[in-house]
Amino acid sequence: WEAINLDEGKSPKFTGESKLYVGNIPFDCTEDDLIEVFSEVGDLGSVALIRDDQGRNRGFGFVTMRTKEDGDAAMEKLNGAELNGRNIAVRESNN
């Protein structure tokens, strides 16, 4: 991403304009699963699946979309969408 960021005049560490909270994630879900689903909506900047001390998925995570428009589209299209048998919740992150 660093080269893209520099080409766009952004900081090399820029991940995106729209950080989203994703809840009710199935416990067998991986970062790759989230990348697959969210990349269908727009350009991803980062994915973080929160894990416990044993490395198990805790059922929530954060996805950063590169633009606010892609973040809005992800919330609209994916909030309540089915992922591995569960309906995920997608909303703006509080942090």
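Visitor: Over the face of which ring does Lys 19 lie?

Guide: This is a predicted model, in which local features need pLDDT of at least 70, side-chain atom pairs count only at pLDDT 80 or more, and totals for chains, interfaces and linings use all residues. Residues are numbered from 1 along each chain as its sequence is written, and side-chain values use heavy atoms, with hydrogens and water left out. A charge sits over a ring if NZ of Lys or CZ of Arg is within 6 Å of the ring centre and within 35 degrees of the ring normal. Lys 19 is placed at 4.9 Å from the ring centre, over the face of Phe 62.

Visitor: What is the geometry of the aromatic pair of Phe 60 and Phe 62?

Guide: Rings of Phe, Tyr and Trp (its six-membered ring) pair if their centres lie within 6.5 Å; planes under 30 degrees apart count as stacked, over 60 as edge-to-face and the rest as tilted. Ring pairs join Tyr 21, Phe 60 and Phe 62 in a cluster. For Phe 60 and Phe 62, the centres are 6.3 Å apart and the planes make 85°, which is edge-to-face.

Visitor: Is Phe 60 buried or partly exposed?

Guide: Buried means under 20% relative accessible area, exposed over 50%, and partly exposed in between (1.4 Å probe, protein chains only). Phe 62, with 17%, is buried. Phe 60 has 21% relative accessibility and therefore counts as partly exposed.

Visitor: Why do the buried residues of α2 line one face of the helix?

Guide: Helices (H or I, at least four residues) and strands (E, at least two) are DSSP runs, numbered from the N terminus. In α2, the buried residues are Leu 34, Val 37 and Phe 38. They line one face because, seen down the axis of α2, they fall within an arc of 90°, taken from the directions from the helix axis to the C-beta atoms. On the other side of α2, the exposed residues are Asp 32 and Glu 36.

Visitor: Which residues does Cys 29 touch, leaving aside those up to four places away in sequence?

Guide: Cys 29 belongs to the loop between β1 (18-23) and α2 (31-39), and its relative accessible area of 2% makes Cys 29 buried. Contact means heavy atoms within 4.5 Å. Beyond four places in sequence, Cys 29 touches Leu 34, Leu 49, Arg 51, Asn 57, Leu 83 and Asn 84.

Visitor: What share of the residues of the protein counts as buried?

Guide: The protein has three helices and six strands, in the order α-β-α-β-β-α-β-β-β along the sequence. Of its 95 residues, the buried share is 37%.
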